[in-house]
Amino acid sequence: MDAVQKTRSARLMRWVMTTNHKDIGTLYLWFSFSMFLLAGGMALLMRIELSMPGEQIMQPLFYNQLVTAHGLVMIFGAIMPALTGFANWQIPLMIGASDLAFPRLNNWSFWLLPFAITLLLSSFVVGGPPPDFGWTFYAPLSTTYGPPGTDAMILAIHLLGISSIIGSINIIATILNLRAPGMTLMNMPIFVWGWFVTSFLILAIMPILAATVTMVLTDRHFGTSFFSAAGGGDPVLFQHLFWFFGHPEVYVLAMPAFGIISEIIPTFSRKALFGANCMVYAIIAIALLSFIVWVHHMFTTGVLLVTQLFFMYTTMIIAVPTGIKVFNWVATMHRGSISFEPAMLFAIAFVLMFTFGGLSGIMLSVVPADYQYHDSYFVVGHFHYVIVTGVYYALVSGVYYWYPKWTGRMYSMKLANWHFWVTTIAANFTFMPMLFVGLAGMPRRIPDFPLEFAEFNLIASFGSLVFGLAQLLFGFLLIQGLWRPKNVSGQVWDGAKGLEWTISSPPPYHSFMDPPKVVGKTYQ
Amino acid sequence: MVIMQLSLLILLVSPLLAWQFPAYNMTPGVTPVSHEIYELHMLVFYICLFILIGVSVMTIYCLVNYRHSQGAKASSIKGNLKVEIIWTVIPFLLLITIAVPSTLVLINIVDTSDPDMNIKVIGRQWNWKYEYLDEGIEFFSDLSTPLAQIKGLEPKGDHYLREVDHPVVVPINKKIRFLVTSDDVQHSFAVPDLGLKRDAIPGYINEAWVYIEKPGTYRGACQELCGMKHGYMPIVVEARSQEGYLQWLAEQKGEAYVSSDPNAPVINFVPPEPAVIKMDHDSIIARGKQVFEKHCALCHGLNGAGGACPTLVDITQKWSEDELISIVLYSIKGKAMPAFEDVLSDQEIADVVYYVSNSWNNSEGQLISAETVADARR
Ligand SMILES: [Cu+2]
Ligand SMILES: [Cu+2]
């Protein structure tokens with residue numbers, strides 16, 4: 001081995017063996033971005049198929065396989081790892097810790113991911129056929145009728161679950177034990193709070209998902225019939241278990257996103273976060289409520305009247321703490337001193353479009369109306385407003401906010417502005433028509449549709465292609481930024497508050513080796 | 001940049017315009033329940049719109065008035081308990097104004113007592129089966145859009161993907177109870193115009209009721225992902241006058257229809273001749289081709305070349321005709337292919353197997369009689 005090769009493999013091994021929270025955060029973020037492009041590419045293929053009535057480029061079965069892979073990879077491969085990437089980079093910096101509590105566990109929780117996703121998608125390559133029943137894998141479509149690729153999916157979900165569980169334990173231990181002196185729980189930045197609560201959610205729901213997929217596995221191969229009516233089992237039980245995981249999962253994605261936005265709006269409004277304590281209480285309230293709303297995904301399964309009423313009311317009540325958060329963000333901007341950096345643009349758009357998505361959620365909570373909306377494109381439009389223009393916007397906003405801190409370099413503001421405007425217009429062109437065709441009665445998860453839905457589907461397909469291109473621009477400007485001069489100050493943004501801005505940009509490889517002393521509240 | 005900002009603004013206002021085109025709103029439908037749902041939907045929509053406009057106006061007000069670039073000085077306020085309470089209480093009150101009517105409508109929807117008639121609906125991979133419990137008639141309802149339209153070989157008809165061979169015919173002004181269940185996986189029985197959606201779940205019988213006020217044809221589709229042809233199992237409900245319904249019923253039972261109206265013209269009922277099933281090669285091929293295009297071609301391809309499913313070219317080298325019959329009847333475990341034992345008659349299976357084993361490079365098969373298929377049934 002010559003010297004060049006040696007340094008090359010050493011450089012590679014640094015990323016494989018690293019236990020540094022910054023390195024692992026970087027790995028998480030780039031991995032999630034590549035998964036985002038992959039699952040986004042699947043979405044674009046589906047939109048091309050749906051651009052016009054009739055079969056365009058794929059067979060119905062392949063369409064169903066894409067529906068499944070798109071959902072699973074986006075949730076478990078793109079969004080959750082991206083949020084964990086933020087947690088890795090930011091939580092130690094924001095609470096004044098030198099690293100996470102269990103650095104080696106941290107390495108493992110990242111390196112499980114590429115293998116899990118490979119396993120998940122392997123059935124596309126080695127001939128499964130791959131799972132074709134949607135990311136919700138309802139029984140008995142996934143049990144008695146599931147293709148062989150389902151087993152690979154089940155094992156992949158186990159791996160992903162282990163990864164998120166050990167990640168959460170790590171984050172909880174870090175937050176509880178490694179805060180700098182003076183940083184009390186109520187003084188913690190809201191982003192850290194969001195992740196703190198999310199970690200508990202993950203600990204509560206991931207074992208349930210693991211149990212559910214294991215029951216699917218034993219139903220498939222070991223003669224049990226948990227979900228098979230013919231054997232005395234219950235297909236609706238599957239839905240209860242799945243959504244007991246599935247609804248809090250939505251908040252696993254949303255809560256850290258709320259946290260990111262709660263950092264950015266005060267910075268660029270140059271004003272303290274309005275009602276910071278109320279924001280914390282709202283997060284906790286949402287987290288608790290999220291465990292008692294799951295049946296709103298199942299109103300049409302014929303559950304009892306009282307059950308439907310109970311879950312309608314609880315679902316509506318979630319709007320109250322969510323509303324508190326939105327109003328507090330707006331109140332933070334009120335009488336502030338606002339500037340429009342790309343991070344802030346995305347944050348403002350988040351507030352408006354997440355509200356839009358959330359309001360369509362209130363419509364869905366109304367059970368009689370849900371009898372019309374349920375499993376229609378209205379639902380698809382709704383959750384894409386919440387996840388794309390909500391969670392994804394928060395992630396992009398966070399990247400624009402902390403990228404200079406992480407790299408010491410400033411990306412091209414001009415390109416970032418273009419990214420914002422094109423993305424926002426395209427996102428609305430993509431998801432708004434979905435709401436309307438849904439109201440008009442178009443079912444979700446179909447590869448072909450009646451003629452009356454043609455115009456709006458074409459608009460959505462067009463929008464999605466532009467949206468996809470804009471995200472390539474995002475990737476380009478992030479990489480291009482790495483070649484720009486390393487001249488960013490430690491403070492970066494004049495209005496930014498918090499420990500991470502007290503150290504240099506980029507921070508030293510090992511930061512806060514001596515814990516800083518925190519006096520007073522974060523947002524003062 | 002200004003152009004982009006303007007176009008965003010136009011885009012955000014456009015939904016208000018879309019609302020003016022009823023085709024893109026929820027249908028008010030033709031039943032009392034669907035009207036109530038529609039009104040509820042509009043109520044919630046306006047409340048949500050009100051909140052959205054409120055939040056947007058406040059945000060835009062802030063963005064316009066407190067700009068750093070225009071020298072705005074940030075205040076040092078950190079919170080205000082009074083306003084926190086206000087914006088907790090007001091949404092709560094708004095929610096109550098939604099919850100009360102929703103509850104009332106829901107109680108009405110679940111009241112399936114005292115129906116005038118009962119229809120059992122069975123979701124299947126991939127068609128619907130209707131059983132008129134009080135009349136003893138039952139039939140399957142399959143998509144009737146020709147595959148050539150789906151593949152783009154023919155222009156698409158007006159009711160592309162929303163037409164079936166046997167619509168479910170019901171009378172108007174009667175309380176009809178649907179008992180919805182499934183034979184295999186989950187489906188969802190949904191007709192927007194009737195305000196109707198109930199999941200079809202194996203092992204469960206879910207109830208729903210409709211009271212149709214207007215004669216007409218109402219179209220819906222399966223709404224729960226149920227496998228490969230989920231997008232190809234529409235529901236067509238034909239609502240007729242009581243008279244028209246009874247006439248249809250008589251036809252189904254093969255009886256003469258006697259009108260209750262003494263002035264109605266007497267219709268001479270001639271029982272249909274039992275059709276002679278021709279067993280020459282060309283007739284079987286023609287019948288088999290029809291069955292194939294309706295049930296098999298979407299996956300196996302019009303020319304049998306496969307695609308999502310295995311190719312049928314040279315299939316007779318792999319399977320004998322008896323084996324093919326059993327595959328069509330019961331499928332192969334672990335494969336996506338559905339079992340056709342209940343869907344196709346003995347004759348249809350005989351025809352389609354003969355058609356397959358005489359097409360696409362396959363060896364010339366023997367004539368298959370319906371009896372052979374009947375024997376093959378377990
Ligand atoms: Cu939910
Ligand atoms: Cu279906």
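**Helix packing and a copper site**

In this predicted model, the axes of helix α10 (residues 342-365) and helix α13 (residues 413-439), both of chain A, come within 10 Å and cross at roughly 10°. The points below treat this helix pair, then the copper ion, and finally a threonine.

*Helices α10 and α13*

- Angles under 35 degrees count as roughly parallel, and α10(A) and α13(A) are therefore roughly parallel to each other.
- From α10(A), the residues A:Pro342, A:Leu345, A:Phe346, A:Ala349, A:Met353 and A:Phe356 take part in the contact.
- Their partners in α13(A) include A:Met413, A:Phe420, A:Trp421 and A:Leu435.
- Sorted by class, the contact of α10(A) with α13(A) comprises 12 nonpolar, four polar and no charged residues.

*The copper ion*

- Three histidines coordinate the copper ion (ligand 1): A:His247 through ND1, A:His296 through NE2 and A:His297 through NE2, at 1.6 to 2.0 Å.
- The spacing of these donor residues in sequence is H-x48-H-H.
- A:His247 lies in helix α7 (residues 235-269) of chain A, whereas A:His296 lies in the loop between α8 (276-289) and α9, 49 residues apart, and the pair links distant parts of the chain.
- Both A:His247 and A:His296 are buried.

*A:Thr315*

- A:Thr315 belongs to helix α9 (residues 305-333) of chain A.
- Buried means under 20% relative accessible area, so A:Thr315, at 13% relative accessibility, counts as buried.
- The side chain of A:Thr315 reaches the backbone oxygen of A:Phe311 at 2.5 Å.
- Beyond its neighbours within four places in sequence, A:Thr315 contacts A:Val293, A:His296 and A:Ser365; A:His296 is also a donor to the copper ion.

How values were computed. Residues numbered from 1 in each chain as written. Chains lettered and ligands numbered in written order. Predicted model: local features only at pLDDT ≥ 70, side-chain atom pairs only at ≥ 80, totals over all residues. Heavy atoms only, no water. Axes fitted to C-alpha atoms, helices over the stretch in contact; angles between N-to-C directions. Helix = DSSP H or I, 4+ residues; strand = E, 2+ residues; numbered from the N terminus. Parallel < 35°, antiparallel > 145°, perpendicular 65-115°, else oblique. Contact = heavy atoms within 4.5 Å. Nonpolar A, V, L, I, M, F, W, Y, C, P; charged D, E, K, R; others polar. Buried < 20%, exposed > 50% of the residue type's maximum accessible area, 1.4 Å probe, protein only. Polar contact = N/O pair within 3.5 Å; in protein donor to acceptor, adjacent residues only side chain to side chain. Donors = N, O, S within 2.8 Å, 3.2 Å for Na, K, Ca; no water.
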